[in-house]
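Dear colleague,

I am passing on the structure we spoke about, and would be glad if you could look through it alongside the notes below.

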Amino acid sequence: TNGQQQQQQQRSTRYGQNTVRNTMVPMNDMVMSQEPITASMLASRPAADQKQMLGERLYPIIQVAQPELAGKITGMLLEMDNGEILHMIEDTACLTSKVNEAVAVLQAHQAKLADQKK
């Protein structure tokens, strides 16, 4: 129906604006330039605040490498366990790997949407 076509168009436009980049920019100095978040700092905060703190730390790092997708990727990574997120913040190689995984998932999703349009 016409309503479904409009929704499909809106979706394709939205995803078209968030084109996935293929390569990852190294995320090195940004991690070290901020005071580290410790497990005890997180433990002293409510659960929602913990994710907020971690997200506020992850987003600017990810934004350097994937500016258009930083919000989506940050949201995807925040679904992980807080201990794993802390580790990623401290280990740039681990964070880069997880961001690349998230980009691959988003690319696969975009490809699937493109196939559905055909």
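What follows is a short account of what was found in it, from the overall fold to single residues.

This is a predicted model, in which local features need pLDDT of at least 70 and side-chain atom pairs count only at pLDDT 80 or more, while totals for chains, interfaces and linings use all residues. Residues are numbered from 1 along each chain as its sequence is written, and side-chain values use heavy atoms, with hydrogens and water left out.

The protein has seven helices and zero strands, where helices (H or I, at least four residues) and strands (E, at least two) are DSSP runs numbered from the N terminus. Of its 118 residues, 31% are buried, which is to say under 20% relative accessible area, computed with a 1.4 Å probe on protein chains only. Taking contact as heavy atoms within 4.5 Å, 69% of the contacts between residues at least 6 apart in sequence join residues at least 24 apart.

In helix 5, the buried residues are A70, I73, T74 and L77. Seen down the helix axis, they fall within an arc of 100 degrees, so they line one face of helix 5; the arc is taken from the directions from the axis to the C-beta atoms. Helix 4, helix 6 and helix 7 are among what covers these residues.

I37 lies in the loop between helix 2 (29-32) and helix 3 (39-43), and is buried, with a relative accessible area of 5%. Leaving out residues up to four places away in sequence, I37 touches L42, M53, L54, R57, L86 and E90. Although I37 and L54 are 17 residues apart in sequence, their C-alpha atoms are 8.1 Å apart in space. L54, with its neighbours within four places in sequence set aside, is in contact with I37, L42, L78, N82, I85, L86 and I89.

Lastly, where helix 6 meets helix 7, H87, M88 and E90 in helix 6 contact T92, C94, L95 and K98 in helix 7.

Definitions and conventions. Buried means under 20% relative accessible area, exposed over 50%, partly exposed in between (1.4 Å probe, protein chains only).
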